[in-house]
Amino acid sequence: MPLVAMTREMGSLGQEVAARLSDRLRRKLVHHEIVGQLASKMRLQQSHVIRFLDGKSGMWERLTTDKTSLSIFTAAETLDIAESGEVGVIHGWGGAHLLRSVPHVLCVRVCAPRAVRVRRMMERLGTNDGEFVEHEIKLSDEAHTAITRRRFGIDWHQPEHYDLVLNTERLTIDECVDEVEKLLTDPAFQETAESRQTLADLGLQARVRAALRQDPRTRAALITIAADQGRVTLSGMLEDGLNQNDVADVAARVAGVKDVAIDLRIIGPTRRLHIDG
């Protein structure tokens, strides 16, 4: 079945649209469930991760948050969830960008003008302090902008990154859900063997990257990872002191890896090694 990946935007009603869509489809919605796994892998409190992602972290939290690890582990958790087949809607976590290349994933942005979002959040919070609410929304938007630019190299506001953009200034929650459901019947978004393989390759690539990041021997390795039906190719450059055999060993131990090919250069004395195993 198709999967819907939606953006997070404070005050846009995106969370309400995601929840209503999940009810209509009778399929699970994932929103906060990823936080626990991320916090565990990074040895941080869940509140620390949430505050950082929402742009509300203090100076100390920003300094102590490993942004690279956060991106790597978020991708791995999101792709594991997508591959499980148990979820119908993923709300936030960069899913709309991470899963953009998977044909049976419908990528949706739910948005509204900032003035509308400020008014809604003021009503939701029961406050008349519009300046405070606007500041919070601005921080949240800036955090999402920085994260998507760092992880995906894109401006997440641009419509070309989505299959559907819904402006809730004039569309109701139900009207938004109606539009999503219409697209879900389109043949272009139906799940096929090829689309499942695309997702499986992305998932394996993410799991290998997460495994390399977690292992002390290979934590500093910043390399290119490609996966194709269980065959993983690792390429790029390793800093002097890192061992390509360790990289191969960690990758080979990841569930789903059938074969590892290495094409790496060691920075320092020029060496190039090809390993198939």
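User: In this predicted model, which residue in β8 stands opposite arginine 231?

Analyst: The model is predicted. Strand β7 covers residues 231–238 and β8 covers residues 259–266. The two strands run parallel and are joined by eight bridges. The residue in β8 that stands opposite arginine 231 is aspartate 259.

User: Through which helix does the chain cross from β7 to β8, and what is the handedness of the crossover?

Analyst: Strands β7 and β8 are parallel. The chain passes between them in a β-α-β arrangement, by way of residues 244–252, which form helix α11. The crossover through α11 is right-handed.

User: How many of the eight residues of β8 are buried?

Analyst: A residue counts as buried when its relative accessible area is under 20%. Across the protein, 48% of the 277 residues are buried. Strand β8 is mostly covered, and its number of buried residues is six.

User: Which element supplies the largest share of the largest nonpolar core?

Analyst: This core has 23 residues, and Leu3, Ile90, Leu99 and Val105 have the most contacts inside it. Elements that each give at least two residues include β1 (3–6), β3 (87–91), α5 (67–84) and α10 (193–214). The largest share, seven residues, comes from α5.

User: Beyond its neighbours within four places in sequence, which residues are in contact with valine 105?

Analyst: Val105 is among the residues with the most contacts inside the largest core. Contact here requires heavy atoms within 4.5 Å. With neighbours within four places set aside, the partners of valine 105 are Leu3, Ala5, Leu99, Asp163 and Phe189.

Key. Residues are numbered from 1 along each chain as its sequence is written. This is a predicted model: local features need pLDDT of at least 70, side-chain atom pairs count only at pLDDT 80 or more; totals for chains, interfaces and linings use all residues. Side-chain values use heavy atoms; hydrogens and water are left out. Buried means under 20% relative accessible area, exposed over 50%, partly exposed in between (1.4 Å probe, protein chains only). A nonpolar core is a set of buried Ala, Val, Leu, Ile, Met, Phe, Trp, Tyr and Cys residues joined through side-chain atoms within 4.5 Å. Helices (H or I, at least four residues) and strands (E, at least two) are DSSP runs, numbered from the N terminus. Two strands pair if DSSP finds at least two bridges between them. A crossover is right-handed if, with the strands pointing away from the viewer, the path from the first strand over the helix to the second runs clockwise.
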